[in-house]
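Thanks for coming, everyone. Let me put the model on the screen and walk you through it.

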Amino acid sequence: MKNETSAAIQTENEQLKHRLDELERQKFELDKKIFELKVLYDIARETTTTQDLKTMLKVFLSMTMGTFGIVKGLITIYHDDKLCWELIASSGIDFTLDGKPIDIAAFQSFSQVKEAQLISDSCLEDAGCADTTFCQWLQSVPLKIWTPILADNQVIGGICLGEKISGEEYYQENLNLLSIIATNCALNIRNARLFQENIEKERIERENRELKRLDKKKNEFVNMVAHELRTPLTSISGFSELMMKKAETKPRESLVKFSKIIFQESDRLRRIINDLLDLSRIKSGKVEMEKMPNDLKTVIETACDNVQLTAEKKKIVLYRDLPASIPSFLFDKDKMTQVMLNLLSNSIKYTREGGTITVTARTTDSVVRCEVKDTGVGIPAADLKKVFEEFHRVNNELSKIERGTGLGLSITKSIIEAHDGRIWVESQEEIGSSFFFELPYKEMNQ
Ligand SMILES: Nc1ncnc2c1ncn2[C@@H]1O[C@H](COP(=O)(O)OP(=O)(O)OP(=O)(O)O)[C@@H](O)[C@H]1O
Ligand SMILES: [Mg+2]
């Protein structure tokens, strides 16, 4: 009886021991799975912070190397269209390929490898690649493992890792985990590429839209130029035809009047063409600004003197509010005179009799700011930006009387911008307008 009992206890003990072993084994497997999951989770968490392929693969590599305790490693991408490998991320490697493809025949054979495996030196030697830096590096690494990155069972890259710091060899479970990591890497590469393609697509679409806009603007410009040139040309051809046909019958005064019109219209044509040429030359940077040390105050005074008589004829009073002096700085005197004359002549043209114009200049540490202010008809809010565009003329009572082609402000803006300055306008209808420009005068002295 006693013997029977001890036999039963022994069997039970053995069963328990067996169960304990089984539990130990299961726990070991579970720990392994938890470790793998943690590695994958950590990698996923770190790599989702970027969509840039290179940065993402660098993070991927360092996380993978950290997991296995490795100091040398690299990730390459396979370009199957060019049949070449590109080194994308590396660590613990003392050479660069500067974006050049990996130039060793042995590496080409990796495009067929579909499972993680050890790379043997003989495989490299067989391929006769001992003279390349990359190959030399591979041969200097005592233990190296290659894990292909697969997408749809096609090799799109590979992770190459050196020996572990611990000196341990790679176990099968290491290779399994590396394969899972590589699968994750493939997904990330695909996402990063899709993201990149989307960005590229958006960029192309944006550029396309901009090109279309410019093309439309160019067409509008050509139409406007044609229209502006046709108006004086129609007058010229009409009146010269009239003169030809009626030269015998028309009184001399009429013929003189016709010639005068022809002369004026030709002059207008010449002005438009000159303005257009000026504008396109300044805009394309073909006209070099002759920047010399000049005195802006003198330029302003001279321009005011020049328009004084025209202003007086319209009973417009021109005030000057200028500092005692403006430090001399580099600018093109003729072009800046043109700026002042354009702004002043506009103020005179678009201000009714009895109005006033005030020219102000102020300097700060870095800029000189000028203002030409008038008590004229003003500019509607909708036209404020457009007045700097070619041929834009505001439709109002004075622009119908006053001659103009709508090029003056475009030229003015281009000149100011060619001096690294800026120009803008503030205006209220029936109250008046203020045209401002600012030039960085200190910068020009350097
Ligand atoms: N000081 C101002 N007050 C009111 N409107 C203005 C003023 N300056 C410009 N404008 C408006 O802006 C338009 C464009 O001015 P811009 O100087 O470019 O052309 P323009 O004077 O018509 O012709 P031009 O090419 O002969 O100078 C003018 O037609 C006018 O409608
Ligand atoms: Mg003008």
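Start with helix 1, residues 2–47. At 1.5 Å a residue, its 46 residues should span 68 Å, and its end C-alpha atoms are 66 Å apart, so the two agree. The expected span is 1.5 Å times one less than the number of residues. Helices here are DSSP runs of H or I with at least four residues, strands are runs of E with at least two, and both are numbered from the N terminus. Helix 1 is hardly covered: two of its 46 residues are buried. Buried means 20 or more other C-beta atoms within 10 Å of a residue's own; exposed means 12 or fewer; partly exposed is in between; C-beta atoms are placed from the backbone.

Some ground rules. This is a predicted model, where local features need pLDDT of at least 70 and side-chain atom pairs count only at pLDDT 80 or more, while totals for chains, interfaces and linings use all residues. Residues are numbered from 1 along each chain as its sequence is written, and chains are lettered from A and ligands numbered from 1 in the order in which they are written.

Now the cores. A nonpolar core is a set of buried Ala, Val, Leu, Ile, Met, Phe, Trp, Tyr and Cys residues joined through C-beta atoms within 7 Å. The largest one has 34 residues. Phe60, Ile75, Ile159, Leu161 and Cys185 have the most contacts inside it. Elements giving two or more residues to this core include helix 2 (53–68), strand 1 (73–79) and helix 6 (172–246). What does Cys185 touch? Leaving out residues up to four places away in sequence, Cys185 touches Phe60, Ile149 and Ile159. Contact means C-beta atoms, placed from the backbone, within 7 Å. Another core lies apart from that one, with 33 residues, among them Leu276, Cys304, Val339 and Val372.

Back to helix 6 for a moment. Asn219 sits in it.

Next, helix 8, residues 296–313. Its 18 residues should span 26 Å, and the ends are 27 Å apart. There is still a kink of about 40°, centred on Val307. That bend is the angle between axes fitted to the seven residues ending there and the seven starting there. Leu296, Val299, Ile300, Ala303, Cys304 and Ala311 are its buried residues. Their cover includes helix 9, strand 9 (356–363) and strand 10 (367–374).

Two backbone spots to check. Most residues other than glycine have a negative phi. Lys315, in the loop between helix 8 and strand 7, has a positive phi of about 55°. Asn153, in the loop between strand 4 and strand 5, has phi near 60°. Lys315 is exposed, and Asn153 is exposed, with 6 other C-beta atoms within 10 Å.

Last, the ligand. How many residues surround ligand 1? There are 22, and the closest are Asn346, Val394, Gly404, Gly408 and Leu409. Near means a C-beta atom, placed from the backbone, within 6 Å of the molecule. Helix 9 (333–349) and helix 11 (408–418) each give two or more residues to that shell. By class, the shell has seven nonpolar, 13 polar and two charged residues. Nonpolar covers Ala, Val, Leu, Ile, Met, Phe, Trp, Tyr, Cys and Pro; charged covers Asp, Glu, Lys and Arg; the others, Gly among them, are polar. Asn346 is also one of the buried residues of helix 9.

How values were computed: Two residues are in contact if their C-beta atoms, placed from the backbone, lie within 7 Å.
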